[in-house]
Amino acid sequence: MFIPSILLRQLYTHGSLTQTEDGLQFMLKNRLKDAVLNRVDGISIDGKAIPAESITFQVGPEQIMSFDELNESGDVPFALKQAITVFLDVKLPVSPEKHKIELAFKASPFGKLKFTVEDNISAPDTSNRHIPRDSHDDYGEDIIGKRQRFFENHCGGKIDHVGKYSIDPQTLKGNIEHFIGVAQVPIGVAGPVKIDGEYAKGEFLVPLATTEGTLVASYNRGMKLLNMSGGIKSTVVDDAMQRAPVFVFSDARGARDFVKWVNENIGKIREEAEATSSVAKLTYIDSFLSNKFAFLRFNYRTGDAAGQNMVGRATFAACGWILDHYEGIENFYLESNFATDKKASQINIMRTRGKRVIAEATIKREHLLSVMRVDPKQIDYHGRVSAVGSFLSGVNNTGLHSPNGITAMFIATGQDVANVSESSAGIMYSELTDDGDLYISLTIPSLIVATYGGGTGIGTQKECLELMDCYGRDKVQKFAEIVGAVALAGEISLASAISSSDWVSSHEQYGRNR
């Protein structure tokens, strides 16, 4: 299996080359995929081979193997994100000068591999000022306890509520570092809300995690109103996740010719990208030329995962192949800020990031009057006035507060909450029907959600997804439709409250914590 050299070098943890009492140590970490280490053929520093008897490996929390023991075993597990510490009985001084480290080995399913990296030797850290860590078992009871005591001693406080949790810390690998406990956020339930989706069909109770008074009540009121008029139609109309590398050339013509070559070789680039994942599918690459730079925006489908890390790994592999096969590239960065990770942007509103969801409903005039005490004409007129305010302020959302419900659902269900920055974009539209009813529609152009991977499998988060039958594979479209419907319910509730001047009184009744 071909692995680009730029990707293979990621196995080495830069900055880990450290002096010890007996010599040197450095760390390897599997950043590719689950593998089995079959043998190590050799390690050298600055071109000088290290004798086999001078090499030892720590392959687990309490498992040390000599060079010969590892090779005789031939099947040492090397799982994704697992670390292996390499100890060398070699005396070299601490120095800022770089040393060249070469490692040759064989691992399944990759075959024979070899890479070379450069690193300088650091002195061992003997201070007590750094957060305690265990490179081979950082989620065990002992190390968590050490970190809690370190935190207490440093801050002069006491960990009480933070240290009480029901989840198994060992399940948190890849979700959090330096774990000491949990933050408990109250969860309320709203609904049921009736949804007519292509994947979400029926009535759903929705968990909302928040500390903002009136939020759950407001969304619940919107759901009640929409249910009376037949519910919400919710549709996922597009799906894309991006990584956007930039390639630097000596002049604009070099960048232009490179883009032409990329388009001609899209098949091979797709093959290299998709080889890193059984899920990621490269659908197309947008190219943007500016100055002497070629910006490539790789667009993927990522199944039930949000996919930022997945597409980063896939794009890195594809770019590794590009760098190995195209001459004239003067510099390269995996991310150019054009994917706009964790940032609202116009390109995501236009081109989609995550799921593009549209939720819509027609609300009977009599239901608005009886439940919300507001006429459809009031809301429609208020919406047109607010559109002027939206234009003047330059916001990315012409609605009122869709990020409120989205954030509350994100926290409850283990989404990456920072993605609210992109998911906050919203395009609100309304019109009066010939019968005097109100049609409303909310487009969320960059809703980034997952039902598998990330934080979705942790304790309460998994539980909340399961309560909506949205945990696991083949459920992300359903979950996206529910999020879109919930956001629309919140929009009509708040719009009605403001249009009828009921907003302040509701907050006085429910939202003030005196």
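**Exercise 1.** What distance separates the centres of domain 1 and domain 3, taken over C-alpha atoms?

*Solution.* The model is predicted, so that local features need pLDDT of at least 70 and side-chain atom pairs count only at pLDDT 80 or more, while totals for chains, interfaces and linings use all residues. Residues are numbered from 1 along each chain as its sequence is written, and side-chain values use heavy atoms, with hydrogens and water left out.

Step 1. The domain assignment, automatic or from a database, places domain 1 at 5–121 and domain 3 at 245–333 in the protein chain.

Step 2. Over C-alpha atoms, the centres of domain 1 and domain 3 are 30 Å apart.

Step 3. The contact (heavy atoms within 4.5 Å) involves 6 residues of domain 1 and 7 residues of domain 3.

**Exercise 2.** Characterise the area buried between domain 1 and domain 3.

*Solution.* Step 1. Buried area is the accessible area (1.4 Å probe) that two parts lose on being put together, summed over both. Here it is about 540 Å², with 72% from carbon and sulfur atoms.

Step 1. Ser-5, Ile-6 and Leu-7 provide 72% of the area that domain 1 buries against domain 3, more than any other three residues.

Step 2. Between domain 1 and domain 3 there are 0 salt bridges (a side-chain nitrogen of Lys or Arg within 4 Å of a carboxyl oxygen of Asp or Glu).

**Exercise 3.** Which residue in E2 is the bridge partner of Gln-19?

*Solution.* Step 1. E1 and strand E2 (residues 24–29) run antiparallel and are joined by 2 bridges; strands are DSSP runs (E, at least two residues), numbered from the N terminus.

Step 1. Gln-19 has Leu-24 in E2 as its bridge partner.

Note on methods: Pairing = 2+ DSSP bridges. Helix = DSSP H or I, 4+ residues; strand = E, 2+ residues; numbered from the N terminus.
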